[in-house]
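Please read this note alongside the displayed model. The points below concern a sheet and a helix.

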Amino acid sequence: MNTYTLQASREWWSQRWLDLLDSYRFKKRLERARIYARQGNVLSIEFKSAKVLARVQGSEEEPYKVSLSLDPFTDEQWGYVIETMSQKAVFAAKLLAGEMPQNIEDVFTSNGLSLFPFTLSDVHSKCSCPDKANPCKHVGAVYYQLGDRFSEDPFVLFQLRGRTKEQIISDLRQLRRGKVEVKVTETSETQKPITNNQININLLSCWQYNEPLESSLVVIAPSTSETVLDILGAIPLAKDEENSASLNSSDIVMKYLETLYKEVSQKAMLAAMNVGG
């Protein structure tokens with residue numbers, strides 16, 4: 001890393017990391033650490049498991065060696081965390097998109113853990129410089145650089161707790177795949193098993209009947225001489241003198257049908273009450 005740019009607005013997880021360092025009471029030392037980071041004095045940063053190893057150029061010709069780490073979570077603790085993450089697809093989706101879910105801390109606190117260190121004493125750091133203060137300006141410079149690393153890749157923060165990006169994504173996929181398989185199995189078990197003695201139906205011949213009809217069957221054909229229209233009689237479409245001024249043909253038909261409806265309703269009511277024979 002040869003350059004360092006102070007961001008006007010940082011991602012919240014990166015700013016949360018830097019706020020912890022900014023709480024350090026030796027402000028002049030922090031200012032020198034920011035200058036070191038800004039001027040490119042941090043020559044290299046690499047991860048060795050959950051530990052950060054860096055080389056920082058100081059006043060001497062030989063760069064100082066800096067190490068920084070957090071207390072990693074156990075495999076059992078990470079198992080609980082990944083299980084909680086897998087229950088909400090939004091966590092996996094945002095992490096895969098390079099974003100840290102806003103309420104990601106809830107996943108850890110619900111399992112009695114904290115993703116971020118509470119105090120600077122929770123950050124284990126060493127430097128080969130003669131300065132006995134900790135953090136020294138070289139450690140502080142690495143600390144600031146890590147803030148930018150977190151902005152670029154939030155999984156770096158998880159790596160400090162003992163899990164790489166590949167491990168987390170792999171574990172999430174396995175858990176979610178297992179849950180899908182369980183759901184599919186449960187669904188298949190509730191389905192009614194298909195027996196071998198079920199009849200295969202040919203849809204093409206479904207409506208065919210090739211056997212002769214029973215001679216005892218009586219077929220009653222509807223009468224063609226008398227229909228509903230014959231019973232109702234002729235519809236008075238012609239206008240008479242009384243309504244010719246206000247009604248058109250459709251109005252006359254509707255009025256006629258309303259009259260028939262009332263008559264049919266009354267007769268139906270009388271028939272239901274068995275009145276009038």
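The numbered points begin with the basis of the model and then turn to its elements.

1. This is a predicted model, in which local features need pLDDT of at least 70, side-chain atom pairs count only at pLDDT 80 or more, and totals for chains, interfaces and linings use all residues. Residues are numbered from 1 along each chain as its sequence is written, and side-chain values use heavy atoms, with hydrogens and water left out.

2. Strands β1 (residues 42-48) and β2 (residues 51-56) run antiparallel and are joined by 6 bridges. Strands (E, at least two residues) and helices (H or I, at least four) are DSSP runs, numbered from the N terminus; two strands pair if DSSP finds at least two bridges between them. I45 stands opposite A54 in β2, and K48 stands opposite K51 in β2.

3. β1 and β2 form a hairpin with 2 residues between them. In this turn, S49 has a positive phi of about 60 degrees.

4. The open sheet has 4 strands in the order β1-β2-β3-β4, with antiparallel pairing. Its edge strands are β1 and β4 (124-127), each of which pairs on one side only.

5. Helix α3 (residues 75-86) has 12 residues, which at 1.5 Å a residue should span 16 Å; the end C-alpha atoms are 16 Å apart, in agreement. The expected span is 1.5 Å times one less than the number of residues.

6. Which residues of α3 are buried? They are W78, V81, I82, M85 and S86, where buried means under 20% relative accessible area (1.4 Å probe, protein chains only). Seen down the axis of α3, the buried residues fall within an arc of 135 degrees, so they line one face of the helix; the arc is that of the directions from the helix axis to the C-beta atoms.

Technical notes:
Buried < 20%, exposed > 50% of the residue type's maximum accessible area, 1.4 Å probe, protein only.
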